[in-house]
Amino acid sequence: MLTNPPNLLTAARILAIPAMIGAFYIPGDFGKWATCAIFTIAAITDYFDGYLARSWSMQSRLGRMLDPIADKLLVGAAILMLVHFNRSPILPALVILCREILVSGLREFLAEVRIGMPVSRLAKWKTGVQMTAIGFLLAGSAAPWWLFADQIGWYGLWLAAGLTLVTGLDYLVVGLRHSTAPAPASTKRESRARPATIP
C-alpha cells in the first residue's frame with residue numbers, strides 16, 4: 001500500500017520537511033531559493049497525490065491518514081521557521097497553527113462517532129492562498145523587487161488567516177452540533193450495560 005504512487009508522493013512530502021528546515025540555515029539568497037523550491041515542489045505533490053489516487057482508483061486508508069498529516073507538518077514547519085527568522089507576521093501564523101490543531105481534534109472526535117468532515121470549497125481556497133503566501137515569504141528578499149514577494153506573502157498570510165477563521169468556525173459548528181446531539185438509543189443501552197471502571 002505504501003508503494004503506490006499517490007502514497008509515495010505523500011511520503012515524499014513528509015521527507016522533504018527536514019530538507020526544507022535545513023535549507024533555512026543556508027545563508028544568502030541561495031538558501032531562500034532552496035527553501036522556496038523544496039516547499040513549492042512539496043506543495044505541488046499535495047495536488048498530484050489526490051489526483052492520482054482518484055483517477056487511478058488508488059485511494060486507501062493509509063493515504064487518507066497520511067495526506068492531512070503531511071500537509072499540516074509541511075505548513076507548520078514552514079510557518080514556525082519563518083517566524084523564527086522574523087520573516088513572517090506572528091499573529092496570522094498563530095491563527096493558522098491554532099486552526100490546524102482545532103480541526104485535527106474535531107476530525108478525531110467525529111471519526112469516533114463515524115461522521116465524516118469533508119473539506120469545503122472555501123477551505124480549499126484557504127489552502128491555495130496559504131501555500132502561495134508561504135512560498136512568497138520563503139523567497140523573500142531573494143526574489144526580484146518587481147515580484148513584491150515580501151508584500152504579497154505578508155498580506156497573503158493575513159488573508160489566509162482570515163479564511164482560516166471562517167473555515168475553522170464552520171468546522172467547530174459541525175463538531176459542536178454532533179457533540180451536543182442526543183446519543184442514539186443503542187449507544188445509550190451499550191453505555192448502561194458496560195461496567196464502570198475506576199481510573
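# Briefing: an all-helix predicted model

Leaving out neighbours within four places in sequence, M58 is in contact with N4, P5, P6 and A53. Contact means heavy atoms within 4.5 Å. This is a predicted model, where local features need pLDDT of at least 70, side-chain atom pairs count only at pLDDT 80 or more, and totals for chains, interfaces and linings use all residues. Residues are numbered from 1 along each chain as its sequence is written, and side-chain values use heavy atoms, with hydrogens and water left out. The protein chain has seven helices and zero strands.

**Confidence**

- pLDDT is the predictor's confidence in each residue, from 0 to 100.
- The protein chain averages a pLDDT of 85, and 85% of the residues score at least 70.
- Over residues 187–199, pLDDT stays under 50. For that stretch the model has one contact beyond four places in sequence.
- Where pLDDT is low, the predicted coordinates should not be read in detail.

**Overall build**

- Helices (H or I, at least four residues) and strands (E, at least two) are DSSP runs, numbered from the N terminus.
- Along the sequence, the pattern reads α-α-α-α-α-α-α.
- Buried means under 20% relative accessible area, exposed means over 50%, and partly exposed lies in between (1.4 Å probe, protein chains only).
- Of the 199 residues of the protein chain, 37% count as buried.
- The protein chain exposes about 12,100 Å², and carbon and sulfur atoms supply 70% of it. Accessible areas come from the Shrake-Rupley method with a 1.4 Å probe; for residues, only the protein chains shown count as cover.
- Take the contacts between residues at least 6 apart in sequence: 77% of them join residues at least 24 apart.

**The nonpolar core**

- A nonpolar core is a set of buried Ala, Val, Leu, Ile, Met, Phe, Trp, Tyr and Cys residues joined through side-chain atoms within 4.5 Å.
- The largest one has 29 residues. M20, F39, I96, I134 and L138 have the most contacts inside it.
- At least two residues of this core come from each of α1 (5–24), α2 (28–55), α3 (61–84), α4 (90–112), α5 (121–139) and α6 (149–179).
- α3 gives the most to this core, with seven residues.
- M20 touches T35, I38, F39, L74, A77 and A78, not counting residues up to four places away in sequence.

**Two helices up close**

- The expected span of a helix is 1.5 Å times one less than its number of residues.
- α2 has 28 residues and reaches 41 Å from its first C-alpha to its last, close to the 40 Å expected.
- α6 has 31 residues and should span 45 Å; its end C-alpha atoms are 43 Å apart, which agrees.
- The buried residues of α6 include A149, G153, G156, L157, A160 and A161.

**Aromatic pairs**

- Rings of Phe, Tyr and Trp (its six-membered ring) pair if their centres lie within 6.5 Å; planes under 30 degrees apart count as stacked, over 60 as edge-to-face and the rest as tilted.
- By this rule the count comes to five aromatic pairs.
- F24 and F85 are stacked, at 5.7 Å centre to centre and 15° between the planes.
- F24 lies in helix α1 and F85 in the loop between α3 and α4, so the pair ties together parts that are 61 residues apart in sequence.
- F24 is buried, with a relative accessible area of 5%. F85 is partly exposed, at 29%.
- Y25 and F85 are edge-to-face, at 5.4 Å centre to centre and 70° between the planes.
- Y25 lies in the loop between α1 and α2, and F85 in the loop between α3 and α4, so this pair ties together parts that are 60 residues apart in sequence.
- Y25 is exposed, with a relative accessible area of 54%.
- Ring pairs link F24, Y25 and F85 into a cluster.

**Loops**

- M58 sits in the loop between α2 and α3. M58 is partly exposed, with a relative accessible area of 28%.
- M58 and P6 are 52 residues apart along the chain, and their C-alpha atoms are separated by 7.4 Å.
- Most residues other than glycine have a negative phi.
- Just after α2, S57 takes a positive phi of about 55°.
- N86 is not a glycine, yet has a positive phi of about 55°. N86 lies in the loop between α3 and α4 and is exposed, with a relative accessible area of 69%.
- F148, also not a glycine, has a positive phi of about 50°. F148 lies in the loop between α5 and α6 and is partly exposed, at 43% relative accessible area.
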